[in-house]
Amino acid sequence: MKTICYIVAMVAEAKPFIDRYGIKKVDNFFSPLPCQLYEGEVEGTRLCVVLNGQMHGSDLVGCEAASVSTTAAIQRLDPDLIINSGTCGAFRKHGAEIAEVYIGNKAMFHDRRVPGDDNWQTQSIGNYNVWPGSETLAHSLGMKMGKVTTGSSLDMQPCDLEVIETNGGQLKDMEGAAVAFVCSLFSKPILLVKSVTDLCDSGAETYEEFSRNLSRACETLKAANERIIDYLTKSL
Ligand code: SAH
C-alpha cells in the first residue's frame, strides 16, 4: 500500500498514535475546512492522519465533520485504504470489555428515523461494507469483530436501542457509518478500528464511564494500530 489514511475525531484518540510515529502536522492543508492533516512515513508507506478538527474549543465529533474530513482526505490524498480509528460504546451482553479493540465488519446508522417504504429504510440504516481484508486482519491479529452502529449522540434512547438490536449493531459510535458512506461513494476500502470506552448496558451514566476510561481505551487503540500498521506495511 502506498498511502494509508486515518480519519480520527478526537485529539485524545489520535495523539498517542501521532506521537508514536512522530508524524508531523501540515498547517492549513485543508483550509478553510476544519480538518487537520498529520503526515509521515512508515516502512515506505505514506501514513496520513486526518483529525476532524475543533470548534468552540472542542473536538468535532459526529457524522458531519467525519464526512467532510473523509471527502477532503480522499480527494486530496487519494489513499489506498481509509482507517476510521476511535472509541465506542459496546454491550456487556455481547461479551465486550472496557478498552478492548474491535475491527468493524459492517457499518450502519441507528438514529435516522425516516418514515417511508423499504427503500427509505434501507438508505437510512446504510449497512455499508468494509474493506474485504478486514476479517483476515482481525483473525491474524486475534482481534474480535463487530458491527459498528453510528448516531449523532453519545447517549442511547430506547428507539436507538431497538434499531441497534433489530439490525445486529454491536459497537456504538458517532462517525463510523458516515466515514463508510463517503468511502462507498468513492469505492475506497475502509477499515474500522474501535476501542471500547463504555458499556451501553452497564447501567452507568455514559459520559461518566466514557470520561473515566478514555485514556485507557486510547492506549489500547494505539497499541492495536501499531500492530495493524505493522501488518499492513509488512504483509500487503
Ligand atoms: N464530551 C465528550 C465528547 C465525546 S463524544 C468529551 O468530553 O470528550 C464521544 C466520542 O467517542 C465520539 O467521537 C464517538 O465516536 C465515541 N464514542 C465513545 N463511546 C460512545 C458511545 N457510547 N456512543 C456514541 N459514541 C461514542
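Visitor: Which side chain does aspartate 78 meet in a salt bridge?
Guide: That would be lysine 188, at 2.8 Å from N to O. A salt bridge here is a side-chain nitrogen of Lys or Arg within 4 Å of a carboxyl oxygen of Asp or Glu. Bear in mind that this is a predicted model, where local features need pLDDT of at least 70, side-chain atom pairs count only at pLDDT 80 or more, and totals for chains, interfaces and linings use all residues. Residues are numbered from 1 along each chain as its sequence is written, and side-chain values use heavy atoms, with hydrogens and water left out.
Visitor: Is lysine 188 buried or exposed?
Guide: Lysine 188 is buried, at 18% relative accessible area. Buried means under 20%, exposed over 50%, and partly exposed in between (1.4 Å probe, protein chains only).
Visitor: OK, how many salt bridges by that rule?
Guide: The count is 11.
Visitor: What does arginine 113 pair with?
Guide: Aspartate 160 forms a salt bridge with arginine 113, with the closest N and O atoms 3.2 Å apart. Aspartate 160 is buried at 5% relative accessibility, while arginine 113 is exposed at 56%.
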